[in-house]
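Hello,

Here is the structure we spoke of handing over. My notes on what was found in it follow below.

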Amino acid sequence: MSQQDASRALKNTLFLFLRMGVVLVLNLYISRLVLETLGFDDYGLYNVVAGVVSFLTFLNTALTNATSRYITYELGAGNAEKLNQTYSMAVNTHVILALVVFVLMETAGVWFVNCHLVIPPDRVVAANWCFQFSLLLFCATIIRVPFHSNVIAHEKMDFYAWTSIGETVLKTVLVIMMSYSSWDRLIFYSALLFAVSVVVLAAYVVYNRKVLADTHYIRYWDRRMVGKFVSYSGYSMLVNGADGFTVSTRSIFFNWFSTALANAALGVANQVITLFNVFVDSFSQAFRPQIIKSYAAGDRGYFMQLIYSTSKIYYYLFLFISLPVLLNLRFILTLWLGHYPPDTVPFVFAIVAYLVFDVFQMPFVTAVHATGQLRTHQIMIASIKILAVPATYFALLWGGTPELTLYLWAGLNVVCAFARTVYMRRLIGISLRRYATDVVLKMIAVTLVSVPLPLWLAWQIDNSWVQFVATCLLSVLMVGLASFFIGINRQERQFVLSLPVVEKVLSKFKTKPRI
């Protein structure tokens, strides 16, 4: 890894960390403010009506993966003509998709909202306006994808971070304004969200045209490239579809075999896990383009080094974030919600056990996307993940607890991690011995060193605020020291110390010579 690449990755990570902190705090505030302003009835009506459109999100996610991969790959390959053709076709494809979705929803969607949703008679007009604005917002989101993918491919995380922060701040200001408005608040809220999406889309379009000069839109059409996008997206949807189906059926099975409190606890647990996912996804943005570019450029040494190094980095960052939260979970939930379902805490621990294997295997997933050979990997992983559906059903049928089903789900993810690792040996030539010693054993060692002392401290202190502050500080310190001295090898440690920002900090502690 060159100094320039590492410095850029470090700078991008810092920007993304700033983005995460601001966006998460403001989104928590917005969610409470919207609920208070709209009330339970209108808030529920918005979620139902907007859900008629948003169920197509899985399609947009798959196309996003395809667009990001192909733009990043061509940028790494250094073929300017092919890059502009790919970028232009991505824009064309997403505009067409937005038009198709618009026509579909203006016919079938409007019919479904008015004929099959249970809407109070006095809220029918507001619900239809809400549907229209939600549809326009979704179309704007689809059109934004190629411009966003181009920004990420160029690793312009500063623009991405500031735009995300600006979008969230604008939403916060407008939601506060809504609370003082005399207009119908459901219609007003839907219109505000659409207006914000248009502003963000315009910012991305202008930035792509003015700043990213090596890519520009041209009049170009290639039906074969559309086929590539569709084929790639189809395989990309397999794992997302398996995950979505598993989550949906779990809620149904909990409803059949358990209590309403179990579903409520699962809902709260999923909100907590969403915060972890935001952190993980944001950090992956910093390194994902470099993995794809190095593969496209044929730089195998750098490509393999990124796989080993970022696997550890992702895990250490996740441990850095999750350990303080897990140690203080009851206090955080009480502070945030006041009262919460009793099963929430064990559910969060079980879902974290699932998520941790996704975290350190993210570089493998990126490597699969870099090769473009998705078929075998996606079918294999989706086939394992979908086994959670019958496992959950029969476990509950035979008297198992909801918590047990979540750990069965996590166990299947361990199988996915093992199968993926073995498959990567054939796909990209990963060394299983090196991966075990340089990645897995180091992660285990860092965990064994980092956890005991903060855990002991959490047991010794009863005062919640003192415990929260003390365990957070100790956890951060232990994970940081263990990751640096145990979790990375000598070459990676020397490289970290040689980074300009680290050298600048260390120079402050050096003793100046006396004159």
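Setting aside residues up to four places away in sequence, T310 touches F287, I291 and P363. This residue is found in helix 9. T310 counts as buried because its relative accessibility is 0%, and buried means under 20%. Please keep in mind throughout that the model is predicted.

The overall make-up

The protein has 20 helices and zero strands. Of its 515 residues, 49% are buried. Take the contacts between residues at least 6 apart in sequence: 84% of them join residues at least 24 apart.

Helix 9 and helix 12

T310 also belongs to a helix pair. In general, two packed helices are described by the angle between their axes and the distance between the axes. For helix 9 (residues 300-327) and helix 12 (residues 362-371), the angle is about 145° and the axes are 8 Å apart. On the helix 9 side the contact is made by F303, I307, T310, S311 and Y314, and on the helix 12 side by M362, P363, F364 and A367. Sorted by class, this contact has seven nonpolar residues, two polar ones and no charged ones.

Which element gives the most to the largest nonpolar core? That core has 130 residues, and Y189, F276, M424, I428 and I430 are those with the most contacts inside it. The element in question is helix 9, which gives 16 residues. As background, nonpolar side chains tend to be buried together in soluble globular proteins.

Helix 11 and helix 15

A second pair is made by helix 11 (residues 344-360) and helix 15 (residues 402-428), with an angle of about 5° and axes 8 Å apart. Angles under 35 degrees count as roughly parallel, so helix 11 and helix 15 are roughly parallel to each other. From helix 11, the residues that meet the partner are P346, F347, F349, A350, I351, A353, Y354, F357 and D358. From helix 15 they are P402, E403, L406, Y407, W409, A410, N413, V414 and A417. By class, the contact of helix 11 with helix 15 divides into 15 nonpolar residues, one polar and two charged.

Helix 18 and what covers it

In helix 18, the residues Q467, T471, C472, L474, S475, M478, V479, A482, S483 and G487 are buried. What covers these buried residues includes helix 9, helix 16 and helix 17 (452-460). The spacing of such a list can be read with one rule in mind: an α-helix has 3.6 residues a turn, so residues three or four places apart point the same way.

I486 has its place in helix 18 (residues 464-487). Is I486 buried or partly exposed? With a relative accessibility of 31%, I486 counts as partly exposed. Apart from neighbours within four places in sequence, I486 is in contact with K442, A445, V446, V449 and L481. K442 is 44 residues away along the chain, yet the C-alpha atoms of I486 and K442 are separated by 6.8 Å.

D438 in helix 16

D438 lies in helix 16 (residues 432-450). Because its relative accessibility is 9%, D438 counts as buried. Its contacts, leaving aside neighbours within four places in sequence, are Y308, K312 and N489.

L193 in helix 6

L193 lies in helix 6 (residues 185-210). Its relative accessibility is 13%, so L193 counts as buried. L193 and K171 are 22 residues apart in sequence, and C-alpha to C-alpha they are 7.2 Å apart in space.

Cysteines

How many disulfides does a search of the whole structure find? The search finds zero. For reference, a disulfide is a covalent bond between the sulfur atoms of two cysteines. Two cysteines can be set side by side here: C115 is exposed, with a relative accessible area of 51%, whereas C472 is buried, with a relative accessible area of 17%.

Regards

Note on methods:
Residues are numbered from 1 along each chain as its sequence is written. This is a predicted model: local features need pLDDT of at least 70, side-chain atom pairs count only at pLDDT 80 or more; totals for chains, interfaces and linings use all residues. Side-chain values use heavy atoms; hydrogens and water are left out. Axes are lines fitted to C-alpha atoms, for helices over the stretch in contact, and angles run from 0 to 180 degrees between N-to-C directions. Helices (H or I, at least four residues) and strands (E, at least two) are DSSP runs, numbered from the N terminus. Contact means heavy atoms within 4.5 Å. Ala, Val, Leu, Ile, Met, Phe, Trp, Tyr, Cys and Pro count as nonpolar, Asp, Glu, Lys and Arg as charged, and the others, Gly among them, as polar. Buried means under 20% relative accessible area, exposed over 50%, partly exposed in between (1.4 Å probe, protein chains only). A nonpolar core is a set of buried Ala, Val, Leu, Ile, Met, Phe, Trp, Tyr and Cys residues joined through side-chain atoms within 4.5 Å. Angles under 35 degrees count as roughly parallel, over 145 as roughly antiparallel, 65 to 115 as roughly perpendicular and the rest as oblique. A disulfide is a pair of cysteine sulfur atoms within 2.5 Å.
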